[in-house]
Amino acid sequence: MDLVEVQFEPVGRIVLVAPGTTLLAASRAAGVEITTGCTRGMCGTDAVKVAADADGLQPAADPERSTLERMGLDPAFRLSCSARVHRGVVRVQLGAF
Ligand code: FES
């Protein structure tokens with residue numbers, strides 16, 4: 001199984017995680033703090049801006065998708081408790097929300 005590289009900016013931490021890992025779990029593995037609320041894709045507290053390879057993340061599913069729609073965020077944002085990595089390299093910009 002190929003691991004996925006997750007980079008956290010601007011702190012400059014990098015972690016390798018298994019496909020299917022949430023960005024929140026990756027952040028904890030990297031020792032990076034992301035403020036959370038519900039951890040179920042409902043509240044939007046943990047929105048982060050993400051740049052990834054085309055299939056770097058699994059597509060957003062409900063409830064994450066509907067929460068992002070309700071928040072009216074740019075499509076580059078995902079909810080870290082719900083967004084799961086898929087392959088390649090994923091870059092997470094902290095503090096952009
Ligand atoms: S912590 Fe509430 S949406 Fe992720």
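Two residues count as being in contact when they have heavy atoms within 4.5 Å. With that in mind, take the contacts in this chain between residues at least 6 apart in sequence: 63% of them join residues at least 24 apart. Keep in mind that you're looking at a predicted model.

**How the chain is built**
- You'll find two helices and five strands in the chain.
- Start at the N terminus and the elements run β-β-α-β-α-β-β.

**Size and shape**
- The C-alpha trace spans about 35 × 25 × 20 Å along its principal axes.
- A compact globule of 97 residues would have a radius of gyration near 13 Å, and the chain, with 12 Å, agrees with that.

- Of the chain's 97 residues, 37% count as buried.

- Ser80 is in the loop between strand S4 (77-79) and strand S5 (89-93).
- Is Ser80 buried or exposed? Its relative accessibility is 0%, so Ser80 counts as buried, the cut-off for that being under 20%.
- Leaving aside residues up to four places away in sequence, Ser80 touches Thr22, Leu23, Leu24, Ile34, Asp46 and Val48.

Technical notes. Residues numbered from 1 in each chain as written. Predicted model: local features only at pLDDT ≥ 70, side-chain atom pairs only at ≥ 80, totals over all residues. Heavy atoms only, no water. Helix = DSSP H or I, 4+ residues; strand = E, 2+ residues; numbered from the N terminus. Rg over C-alpha atoms; globule rule 2.2 N^0.38 Å. Buried < 20%, exposed > 50% of the residue type's maximum accessible area, 1.4 Å probe, protein only.
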